[in-house]
Amino acid sequence: METARPASLALPETVRVTNPGGSSPFVLTCDHASNFLPPEFGTLGLAAEQLSRHIAWDPGALPVAHRMAEALDATLVETRISRLVIDCNRPLDAPDLVPPVSETTAIPGNAGLSEKQRAARIALSWQPFHDTLASIIDKRLARGLETRLVSIHSFTPVYKGMNRPWHIGIIHDEDRRLAAPLIAALRRLAGVTVGVNEPYSPADRVYFTLERHARPRGLPCAMIEIRNDEISGEAGQRKWADLLTGIFLDLEPEAARGSRASAVGKSAQSAN
């Protein structure tokens, strides 16, 4: 079974930041990056093979996000604990913050939690993720850096018996500053079926990270959902990361391109 997990079971980090000083205007998040369960949770009463399913994480999303972050010189913030423990892309009052059922699968280890147990899970993963992301954004804004927030996710080809024809979906609310040109660019790709607020929309309560961090600060934002059979292997992950990277480079504001070119030029001069 493939498992995305910290290198050491004793590692205290439940959120990881890659490239915190990235020059790109885009800040990426991977809210469901890992299916790792800390030892104290056992398997939450599930058979081990269940933990490789979409109920535990977003398969393929993290490799895509990592490749994009590297190519764009972007900051990436990722969770390191399975969403079965707590879903960092949900508000604290959401009924599925700690899901008793995921899709159609009951999660025995999430049944009947006390307030103390619930609070411990929030402190373990949810709070560090959101505190870290808020700190990164606020430091960027204090430095006057253009900042746009993008969440990278994956979705299942079939959900509760319904086929999902979209290769990729862009989720947005009424702020379409980033979503509209992204959708337009994706629709120009041959053979790609693009979902607009499909397979989810903000009405499905899946937009929380962007609602919490981008909207109050007036930042352009969008959520990307890639069908997970498209990114189940390295070739597909590379394909989609490279496609999205090319689009995002074209969407960078001119000021950001100029400052990046200047930084590259200075770096080259100092190397000579």
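Reply: Happy to. Pro181, Leu182, Ala185 and Leu186 in H3 meet Trp240, Leu244, Ile247, Phe248 and Leu251 in H5. Meeting means contact, with heavy atoms within 4.5 Å. Helices are DSSP runs (H or I, at least four residues), numbered from the N terminus. This is a predicted model, where local features need pLDDT of at least 70, side-chain atom pairs count only at pLDDT 80 or more, and totals for chains, interfaces and linings use all residues. Residues are numbered from 1 along each chain as its sequence is written, and side-chain values use heavy atoms, leaving out hydrogens and water.

Me: At what angle do H3 and H5 cross?
Reply: Roughly 130 degrees, and the axes come within 10 Å. That makes H3 oblique to H5. Angles under 35 degrees count as roughly parallel, over 145 as roughly antiparallel, 65 to 115 as roughly perpendicular and the rest as oblique. Axes are lines fitted to C-alpha atoms, for helices over the stretch in contact, and angles run from 0 to 180 degrees between N-to-C directions.

Me: New topic. How far apart are the axes of H1 and H5?
Reply: They are 9 Å apart, and H1 (residues 61-72) packs on H5 at about 40 degrees. H1 and H5 are therefore oblique to each other.

Me: What does Arg67 in H1 belong to?
Reply: Arg67 is one of the H1 residues that meet H5, whose partners include Asp242. The contact of H1 with H5 has nine nonpolar, two polar and three charged residues.

How values were computed. Helix = DSSP H or I, 4+ residues; strand = E, 2+ residues; numbered from the N terminus. Nonpolar A, V, L, I, M, F, W, Y, C, P; charged D, E, K, R; others polar.
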